Structure formats: structure tokens, C-alpha cells
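User: I have some questions about how the labels on this model were assigned. Please give the value and the cut-off each time.

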Amino acid sequence: LEENDLVNGNTFSLPELIKPLTLVQKEALHSWADNIMDPHTFSYTQLSRVCKQLNDYPDSRVWTLNVGGGYDLVRNGDTLCLSCSNEKEAKGADDGFENLSAELQD
């Protein structure tokens, strides 16, 4: 899979059979989340937490994990999205920062 095959706007598609994510998939997930969370960063520590959650609980298809910066990573089936858990914190110091929270898609 190419990085572009995994990312569709504000959602991240998980591979059909959940196995440990490949390095390319991890990098795609990190880039996707980091871009949405700007100006906050999606740390590699958070990436490790998400990968551990996916690996340890592959059959748990609906969950929410706080990833800092005022964001929650939400799994809904085979899709991940980022949503704002704390709008003020997600906006950061710049009051004009536009909230880029991801919405669950049907």
C-alpha cells in the first residue's frame, strides 16, 4: 500500500487484516495525524500508543484514545479520525487558528 491509499482527507483507513503496521503505514499515520493537529505535534510516543492499542485489541473496533494537544484519536471500524477533545487547547495560543478536527464519516 502507498501512503496515499491510506489517507482520505480527515480519515485514515486501516488495513483490512489488522497486523502490526508496517513502517510505511506507521509513517503515513504519523504524517496524517501531525498535519491535522498542527500547530501541535503527534509525537512518536503517541504513535507507539496507537499502534499498541491496535495490536493488543484488534477486535475492538470502536474506541477513543486521547493523543494530547486537545485531540482524541477515534477508531470506528476500519477508520481512524481525529476529533477535538478540548477546543480551546486545540486552538493553541493563536485565537485565529481554525479548528481542523476530523469528523466521523458514515
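Predicted model: local features only at pLDDT ≥ 70, side-chain atom pairs only at ≥ 80, totals over all residues.

User: What makes Lys52 and Asp56 a salt bridge?

Analyst: The cut-off is 4 Å from a side-chain nitrogen of Lys or Arg to a carboxyl oxygen of Asp or Glu. The Lys52 and Asp56 side chains meet at 2.6 Å, N to O. That is within 4 Å, so the pair qualifies. Both residues lie in helix H3 (residues 44-56), 4 residues apart, or about one turn of the helix.

User: Why is Lys52 called exposed, and why is Asp56 called partly exposed?

Analyst: Exposed means over 50% relative accessible area, and buried means under 20%. Lys52 has 52%, so it is exposed. Asp56 has 40%, which falls in between, so it is partly exposed.

User: How many salt bridges does the rule give?

Analyst: The count is 2.

User: What makes Phe12 and Trp32 an aromatic pair, and why is it called tilted?

Analyst: Ring centres must lie within 6.5 Å. Here they are 5.8 Å apart, so the rings pair. The structure holds 1 aromatic pair. Phe12 is in strand S2 (residues 11-13) and Trp32 in helix H2, 20 residues apart, so the pair links distant parts of the chain.

User: Why are Phe12 and Trp32 called buried?

Analyst: The limit is under 20%. Phe12 is at 1% relative accessibility, so it is buried. Trp32 has a relative accessible area of 4%, so it is buried as well.

User: Which residues touch the most other members of the largest nonpolar core?

Analyst: Leu29, Trp32, Val50, Val67, Leu73, Leu80 and Leu82 do, out of 21 residues in that core. Helix H2 (23-37), H3, S3, S4 and S5 each supply at least two residues. H2 gives the most, with 6 residues.

User: What does Leu80 touch?

Analyst: Contact means heavy atoms within 4.5 Å. Leaving out residues up to four places away in sequence, the contacts of Leu80 include Phe12, Leu29, Trp32, Trp63 and Leu73.

User: What makes S3 and S4 paired strands?

Analyst: At least two bridges are needed. S3 and S4 have 6 bridges and run antiparallel, so they pair. Asn66 stands opposite Asp72 in S4, and Gly68 stands opposite Tyr71 in S4. The two strands form a hairpin with 2 residues between them, and Gly69 in the turn has a positive phi of about 65°.

User: How do you know that S4 and S5 pair?

Analyst: They are antiparallel and joined by 6 bridges, where at least two are required, so they pair. Asp72 stands opposite Ser83 in S5. This hairpin also has 2 residues between its strands, and Gly77 takes a positive phi near 70°.

User: Why is S4 called mostly covered?

Analyst: Of its 6 residues, 5 are buried.

Conventions. Residues numbered from 1 in each chain as written. Heavy atoms only, no water. Buried < 20%, exposed > 50% of the residue type's maximum accessible area, 1.4 Å probe, protein only. Core = buried A, V, L, I, M, F, W, Y, C linked by side-chain atoms within 4.5 Å. Phe/Tyr/Trp six-rings, centres within 6.5 Å; stacked < 30°, edge-to-face > 60°.
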